[in-house]
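Trainee: I would like a close look at one part of this protein, the surroundings of the ligand. Please take me through it step by step.

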Amino acid sequence: MDKILIKGQNRLKGKIKNSGSKNATLPIMAACLLTKERCVINNVPNLSDVRTMMRLLQRLGLKVVFNHNTLIIEPGNYKGDTATYKSVSVMRASVCVLGPLLARQKHAKVSLPGGCVIGPRPINLHLKGLKALGADIDISRGYVVAKSKQLKGSDMYLGGAFGSSVLATANVMTAATLAKGKTRIENAACEPEIVNLAEMLIKMGAKIKGHRTHIIEIEGVKKLGGATHTIIPDRIEAGTYMIATAMTGGDVTIEDARIEHLGAVIDKLKAAGISIIKKHNGIKVKATKSIRPIDVVTLPFPGFPTDLQAQITAMMCLAKGISIVTEKIYPERFMHISELNRMGADIILESESAIIKGPRNLTGAPVMASDLRASAALVLAGLVAKGTTEISRIYHLDRGYEQIERKLSSLGAHIRREK
Ligand code: EPU
């Protein structure tokens, strides 16, 4: 298994390009199941999750070619309606095929995802929404078996105990594009990735309104065509490099990063004393000598993203004073804390809050990645630690950060991968 080795304490300086968003790409790829025509998707990041979704679509009978960050997806020979346990356990976002398969093929069989290192992650809201559209849904031998001769538009409330759900909104919105009549989703997710998906569906001929708000309205159409679409820049990748810059006392421009997708993150970085400058083609981050402690609460968009919680926690280890980071989306997403403490951090957990005492001088150590964003937090800690940090299980990182070693090296970090 590959490892990443980082020799810390180098200041990051220069420019990098923000890659396309993983979490926008995956449901957009699944939406290509809705049409018999060719779709072209640009600015797709070359990541293992994208390749996992490619293999799933190929098994379902689509022709998929990925070249130079462009995906060409065309209909092939229909090969079934099943996303197996293997697909879904490798990548939970495989569940994105449920809505499109049901709408287009009238039946779908998708493995239930099961447990996850960042928390329970049920899919009850996906099923609630599809049932509201008239689908017959059974759970059999660990699979969701969904059928419907013709989905019918309906009004529904799609919020759960932790607010809106991104992929439940994606599944229900895509299914509703081919339902008969009008669907109204209340407490829909309004993350930029959902907006990007809605824009693709509209290009394919769907009638969707309100997709920047918590109420999305969809008027069903008889069929959808092909489309050419561009994936938005990855706001979580951008946020991760912004935090890396702040932590290393750096000065970095992230080209293509969208300020309008990063409002809560920018607000918190500014409160910590970091200077953020809007450039015509991206965002420039300039660190100050000392980082001020801040309190952060993760929330659905436009709140602070849970996918940057681990990274901001790593940054607060360097702040002078006590910071509190509260996780409101996945209250158990704190696997990074024990590893950060092994590097010299002083973090305790109180229910869904991490209480971080700083400033700490972090030291390099062998650490283990537990999930994608926890891995990113360990990389950030490694960048400022004294000595060498050795991160194992980095396949998690390869799911969501395109060319991370190349990007960080180009900014002056001493980072390398060992096979
Ligand atoms: N939830 C339910 N029932 C459901 C669905 C979700 O209770 O049916 C709960 C979840 O357990 C969680 C909250 O609702 O407490 C929000 O989860 P959501 O459904 O929004 O998460 P997701 O759609 O499964 C996407 C991203 C995650 C990101 C979350 C939250 C993709 C492929 N994944 O997951 O990304 O953390 O939204 O923003 O888009 C990552 O990239 O590292 C990652 C985990």
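Mentor: What follows starts at the ligand and then moves to the strands and loops.

Keep in mind that this is a predicted model. Begin with the neighbours. The shell around the ligand holds 22 residues. N124, L125, S165, D307 and I329 come nearest.

Start with N124: an N or O atom in its side chain is 2.6 Å from a nitrogen atom of the ligand. D307 also uses its side chain, where a polar atom lies 2.6 Å from an oxygen atom of the ligand. I329 uses its backbone instead: an N or O atom there is 2.5 Å from an oxygen atom of the ligand. How much of the ligand does the protein cover? On its own the ligand has 820 Å² of accessible area, and the protein covers 89% of that.

Next, the make-up of the shell. By class, 11 of its residues are nonpolar, six are polar and five are charged. Several helices take part. α1 (22-31), α5 (124-132), α6 (166-176) and α12 (372-384) each supply at least two shell residues. The most comes from α5, which gives three.

Why does the ligand lie between two domains? Domain 1 (3-19 + 233-418) gives residues to the shell, and domain 2 (22-230) does too, so the ligand lies between them.

Turn to the strands. β18 (residues 295-297) and β19 (residues 321-326) run parallel, joined by three bridges. Within this pairing, V296 has V325 in β19 as its bridge partner. To get from β18 to β19, the chain passes through helix α10 (residues 309-316), and this β-α-β crossover is right-handed. β19 also pairs with β21 (residues 353-358), this time in the antiparallel sense, over six bridges. There G321 stands opposite G358 of β21.

P359 sits in the loop between β21 and β22 (366-368). Another cis peptide bond joins F301 and P302, with omega about 10°. P302 belongs to the loop between β18 and α10, on the path of the crossover from β18 to β19.

Look for H68 in the loop between β4 (62-67) and β5 (70-75).

Finish with β19, which runs parallel to β18 and antiparallel to β21.

Technical notes:
Residues are numbered from 1 along each chain as its sequence is written. This is a predicted model: local features need pLDDT of at least 70, side-chain atom pairs count only at pLDDT 80 or more; totals for chains, interfaces and linings use all residues. Side-chain values use heavy atoms; hydrogens and water are left out. A residue is near a molecule or strand if one of its heavy atoms lies within 4 Å of it. A polar contact is a pair of N or O atoms within 3.5 Å; within protein, one must be able to donate a hydrogen and the other to accept it, and residues adjacent in sequence count only if both atoms are side-chain atoms. Accessible areas come from the Shrake-Rupley method with a 1.4 Å probe; for residues, only the protein chains shown count as cover. Helices (H or I, at least four residues) and strands (E, at least two) are DSSP runs, numbered from the N terminus. Ala, Val, Leu, Ile, Met, Phe, Trp, Tyr, Cys and Pro count as nonpolar, Asp, Glu, Lys and Arg as charged, and the others, Gly among them, as polar. Domain bounds come from an automatic or database domain assignment. Two strands pair if DSSP finds at least two bridges between them. A crossover is right-handed if, with the strands pointing away from the viewer, the path from the first strand over the helix to the second runs clockwise.
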